[in-house]
Amino acid sequence: MGGGGGSHPLYTFGQPVRDRRQILGKALWIGIWLVFLASPVRDLLTAERTAAATALGWLGLTVFVVCYLSLVFRYTSRALDWGRVHGWFAAQFALAVILAFSFGTSWLGLFVYVSVSAGAVLPPRQAAWIIPAVTAVLIGVGLRTDSLQDLLGNLVVLNVLIGFAMSGVRQLVRTAIQLRQARATVAQLAANEERLRLARDLHDLLGHSLSLITLKSELAGRMLPDHPDKAAQQVADIEQVSRQALVDVREAVSGYRRRTLAGELAGARTALTAAGIEADLPLQAPAELPGEDGEAALAWALREAVTNVVRHSGARRCTVAFTARQTLAGPLLELTVEDDGVGGAGTAAGNGLTGLAERVEAVGGALETGPAGRRGFRLAARVPMAGAAVGSPS
């Protein structure tokens with residue numbers, strides 16, 4: 001009753017709403033669970049009471065709803081101020097007792113909201129005994145007019161089940177928040193580790209070369225006045241060491257810049273999720289991959305396709321798949337990216353697909369793009385495995 005959702009873009013656990021669509025989704029979710037207020041509202045509208053009693057009833061019901069919403073929708077996924085939480089909860093519970101006792105059976109549904117609040121904001125150990133205690137008070141107040149059997153059949157079981165179900169929802173919300181925080185921490189640690197690895201590699205590559213250049217420069221300086229031929233030899237050695245160091249650095253940088261399918265899969269999943277698009281991706285890259293150039297071409301294809309889906313498609317879902325195929329020209333690996341968006345969006349000249357086709361063809365592969373059924377867009381990139389060449393698609 002306080003926080004629903006999952007991977008659907010309308011509303012997600014523990015996250016604030018980001019746009020009008022999510023606001024509408026959350027409002028719809030809230031409205032569904034206000035159904036138990038129908039009986040008190042109908043009672044206020046139809047029962048014959050004095051104007052003062054009716055006014056007090058409306059006032060009490062309004063304050064009760066404010067207490068409920070303040071507890072469930074403000075504190076389910078936030079750090080708790082226990083003084084305020086207990087104050088709101090005590091006020092809500094007192095109002096439920098007073099209103100149900102004063103106005104009759106139609107108001108017993110308020111206890112359901114009290115149990116929901118207990119499950120949503122209180123620690124599991126407290127909720128485990130407070131929910132049954134609220135149910136016991138519900139029975140005590142209801143016995144004035146109903147039999148115990150009727151209460152058990154109507155509200156008691158419902159009160160207990162919904163209260164404990166909300167306690168489970170609260171745990172899911174907190175777990176989702178912790179998982180997002182852990183994912184952010186892991187990403188930061190991975191970035192730090194990559195920086196450390198880069199620092200170590202640069203030290204290993206350049207440390208010895210720069211030390212040697214410094215030493216030979218000092219020797220050349222001392223030899224220059226009396227032995228210019230030996231100084232010239234030292235300068236030649238410096239040039240050779242510098243050129244080799246430059247080659248080593250270029251090779252290292254080239255290795256860092258090389259795209260991998262594993263890295264692009266992780267990036268694609270993050271990008272699609274952040275855009276509110278349901279991502280159906282493999283957990284890891286295929287076990288058998290083409291050579292480095294072929295893998296890099298597929299990685300670029302995946303990156304370009306996902307970028308187009310996020311920026312242009314308006315899709316709700318994106319599917320990525322790898323398929324190993326055997327053709328007359330030899331084995332190949334096929335990457336397909338499909339979405340259910342507007343179909344063909346982002347395919348105009350200048351969006352990168354032309355350059356991507358050239359990149360795939362440069363490694364002997366082939367790129368196909370086009371609509372995916374009645375709605376959506378499909379990109380397929382085929383790259384030969386090591387030692388094979390792509391002919392016509394099989």
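Start by selecting Trp107, Leu110 and Phe111, which touch the most other members of the largest nonpolar core, a set of 39 residues; a nonpolar core is here a set of buried Ala, Val, Leu, Ile, Met, Phe, Trp, Tyr and Cys residues joined through side-chain atoms within 4.5 Å, and buried means under 20% relative accessible area, with exposed over 50% and partly exposed in between (1.4 Å probe, protein chains only). Next colour α3 (51–75), α4 (82–103), α5 (110–121), α6 (124–142) and α7 (148–223), the elements that give two or more residues to this core, and note that α5 gives the most, with nine residues. Helices (H or I, at least four residues) and strands (E, at least two) are DSSP runs, numbered from the N terminus.

The model on the screen is predicted, and local features need pLDDT of at least 70, side-chain atom pairs count only at pLDDT 80 or more, while totals for chains, interfaces and linings use all residues. Residues are numbered from 1 along each chain as its sequence is written, and side-chain values use heavy atoms, with hydrogens and water left out.

Stay with Leu110 and display its surroundings: apart from residues up to four places away in sequence, Leu110 touches Leu37, Pro40, Leu61, Phe64, Ala96 and Leu99, where contact means heavy atoms within 4.5 Å.

Now select α5 together with α6, which pack at an angle of about 170° with their axes 9 Å apart; axes are lines fitted to C-alpha atoms, for helices over the stretch in contact, and angles run from 0 to 180 degrees between N-to-C directions. The two helices α5 and α6 are therefore roughly antiparallel to each other, given that angles over 145 degrees count as roughly antiparallel, under 35 as roughly parallel, 65 to 115 as roughly perpendicular and the rest as oblique. On the α5 side, show Phe111, Val114, Ser115, Ala118 and Gly119, and on the α6 side Ala127, Ile130, Ile131, Val134, Val137, Leu138 and Val141, which make the contact. By class, the residues of this contact of α5 with α6 are ten nonpolar, two polar and no charged, with Ala, Val, Leu, Ile, Met, Phe, Trp, Tyr, Cys and Pro counted as nonpolar, Asp, Glu, Lys and Arg as charged, and the others, Gly among them, as polar.

Move on to Gln234 in helix α8 (residues 228–257), which counts as buried at 12% relative accessibility. Leaving aside neighbours within four places in sequence, Gln234 is in contact with Lys216, Leu219, Ala220 and Met223.

Then centre the view on Val309, in helix α10 (residues 292–313), which is buried with a relative accessible area of 3%. Beyond residues up to four places away in sequence, Val309 touches Leu272, Ile277, Gly314, Ala315, Cys318 and Asp339. A distance to draw here is that from Val309 to Asp340, 9.3 Å from C-alpha to C-alpha across 31 residues of sequence.

Finally, zoom out to the whole protein, which has eleven helices and five strands, and in which 37% of the 394 residues count as buried.
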